[in-house]
Amino acid sequence: LRDTWGVPHIFGKRDADTAFGLAYAHAEDDMPTILEALLAARGQIASVQGKDGAPIDFIVNLLRVWDDIDAKYEKDLSPEVRAICESYADGLNFYAVKHPNEVPRKLLPFTGKDVVAGFVFKGPFFYGLDKTVQDLFGPERKHKVSEKNPATAAAEFLYDGLEIGSNTSAVGPKRSADGSSFLNINSHQPWEGPVAWYEAHLHSEEGWDIVGGTFPGAPLILHGHNRDLGWAHTVNNPDLIDIFVLEMNPDNPNQYKFDGLWKDLEERSARIKVKIWGPISWTVKRPVYWSVYGPTVKQDHGVYSIRYANMGDIRQVEQWYRMGKAKNLSEWMDAMKMQSIASLNSGYADREGNILYLYNAKFPKRAEGYNWKEYLPGNTSETLWTEFYGVDACPQVLNPNCGFIYNSNNTPFRATALDE
C-alpha cells in the first residue's frame, strides 16, 4: 500500500515476504539506481558504464569482497538474515522479469550474496576508505613513514566535526511537555544515487514493524523506529584505516620483508569487463596483490598495504536487522556490540524514556611509539593490529541530567549540555 506521499507500506507473513515486497516497491520507483548499486558490489559496473566504472570494479577485486562473501555467507549470517537477503533479491528478479527493458537478462539472477556484497563494499567508504585508496594512486607519496619513537603516543582516534550537516537529537521525558521521549532523524544524504534515502514501512507477522530510511539494494531499514525504539545515524570521522609501506626485496619485486624474513606477495589477476560501444566489450586484466596487512598497491613511489577496521566482516546487514528487531535498550546495545557497522554516530530514544548518543567506531588497538596519522613501516608485526576496543570504550552519553543529546557530525565531546 502507498500513502499520500507514495511511501510504500509493505505487509507480509514473514520478514522474508516483507523484504520481497520492499525490493519490488523500490524497484518500481528507482530500479536504475538499485541496479547500479548491485553491479558495483559485484565488480561489474564497467560492463554497463564503460571505462568510468573500471576503478570501482578494480577496488572490489583489490579488497577481495567476494572472497569474504563466498567464504562466510553461510556461516556468519543467521538463517533469518540470509532469508531476507535472498527474498529481496527474488523481489528484484520478479520485477526484472516483468520489466525486461529495464534490466538486461544477462545480469540476472540477483542473489542474496549480491545484497550482502553491497554492505561489505560500501560500508568502509563512510569512514574514508575510498579517499585513502585514491591517495595511493597520486603522482607521489602522500605522507611520510612514521619512525618509531618511544615518546610518541598512538595518534588520536577522533577528529573534529565534518561540517556536512547531518543531525540527530533526542529529548528525554524530563525535558518534554508530555513526559515522552522524542527522536529527530535528519541525516543529510544526496537526493539521488546509491546513498539517497528511500522511505518505507515494513510490517510482518514475525514482529517486524519498522519505519525509516534505506539505501538502494538494502533489504531492511537502516535508521528509523519500530514500536519500542528508534535510532538515527550521522557520519563521524574515526581513524580506522592505516597505510603500511612495504620494504621490497631488490632482487625480487614480489617479496617484502616482515620480521626479518622475505615473504611473497599474493598475486592474482582481476578480470574487468569494460563496455566499449553497444554490445561490444573488452576484458582488461590487472594484477592485484595482498600482504599480511591486507590489500596491496604497487606504485612508482612505493608499495603500500591497506588495513581497515571491518576487513573481512560481512555481518553489517545482520547487525542492522538485530537493531531493527530490538525491543529495548539492552537488546539494541547487544546488536551494537557486534561492531560490524564500523563507524557512524548513533542517536537513540525509546518508549521507556532512555536517550543515548553513541560515537560508534571499531577502533583498532594500535602499538604505542608510532604516529598513526602518517604511513607506517610495513616490515614488522609490531604495526600489524588485530584486536579492537569494544563499544564500551567509545564516547557515549546515556540519559544525561539535562534531558537531551544531539549530534551534527561534530566531535563526540559536544553531545549534550553540562549536567544540571
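Me: What is the volume of the second largest pocket, and what makes a set of points a pocket?
Reply: The second largest pocket has about 330 Å³. A pocket is an open set of points on a 1 Å grid over the protein atoms alone, with protein on both sides within 12 Å along at least five of seven lines. Its volume is the space filled by probe spheres set on the points, which are joined across faces, edges and corners. This is a predicted model, where local features need pLDDT of at least 70 and side-chain atom pairs count only at pLDDT 80 or more, while totals for chains, interfaces and linings use all residues. Residues are numbered from 1 along each chain as its sequence is written, and side-chain values use heavy atoms, with hydrogens and water left out.

Me: Which residues line the second largest pocket closest to its centre?
Reply: Pro190, Trp191, Ala196, Trp197 and Tyr198 are the closest of the 14 lining residues, where lining means having an atom within 4 Å of a point. Helix H1 gives the most, 3 residues, and strand S4 (198–204) also supplies at least two. Helices (H or I, at least four residues) and strands (E, at least two) are DSSP runs, numbered from the N terminus.

Me: How do you know whether threonine 18 is buried or exposed?
Reply: Its relative accessible area is 0%. Buried means under 20%, exposed over 50%, and partly exposed in between, with a 1.4 Å probe and protein chains only, so threonine 18 counts as buried. Threonine 18 sits in helix H1. Beyond its neighbours within four places in sequence, threonine 18 is in contact (heavy atoms within 4.5 Å) with Ile10, Phe11, Gly12, Leu202, His203, Ser204 and Trp208.

Me: Why are H1 and H6 called roughly perpendicular?
Reply: H1 and H6 pack at about 75°, with their axes 8 Å apart. Axes are lines fitted to C-alpha atoms, for helices over the stretch in contact, and angles run from 0 to 180 degrees between N-to-C directions. Angles under 35 degrees count as roughly parallel, over 145 as roughly antiparallel, 65 to 115 as roughly perpendicular and the rest as oblique. H1 and H6 are therefore roughly perpendicular. The H1 side of the contact is Ala37, Leu38, Ala40, Ala41 and Arg42, and the H6 side is Asp114, Val115, Ala117, Gly118, Phe121 and Lys122.

Me: What makes H5 roughly perpendicular to H8?
Reply: The axes of H5 (residues 79–98) and H8 (residues 316–325) come within 10 Å and cross at roughly 100°, so H5 is roughly perpendicular to H8. Glu80, Val81, Ile84 and Cys85 in H5 meet Val317, Glu318 and Tyr321 in H8. By class, this contact has 5 nonpolar, no polar and 2 charged residues. Ala, Val, Leu, Ile, Met, Phe, Trp, Tyr, Cys and Pro count as nonpolar, Asp, Glu, Lys and Arg as charged, and the others, Gly among them, as polar.

Me: What makes a set of points a cavity, and how many cavities of 30 Å³ or more are there?
Reply: A cavity is a set of points where a 1.4 Å probe fits but cannot get out. The count comes to 2 cavities of 30 Å³ or more. The largest is lined by 30 residues, with Lys122, Phe126, Phe215, Leu222 and Trp320 nearest its centre. H6 gives the largest share of that lining, 4 residues. The lining of the largest cavity has 16 nonpolar, 13 polar and 1 charged residues. Residues lining the second largest cavity include Leu63, Asp68, Tyr308 and Gln316.
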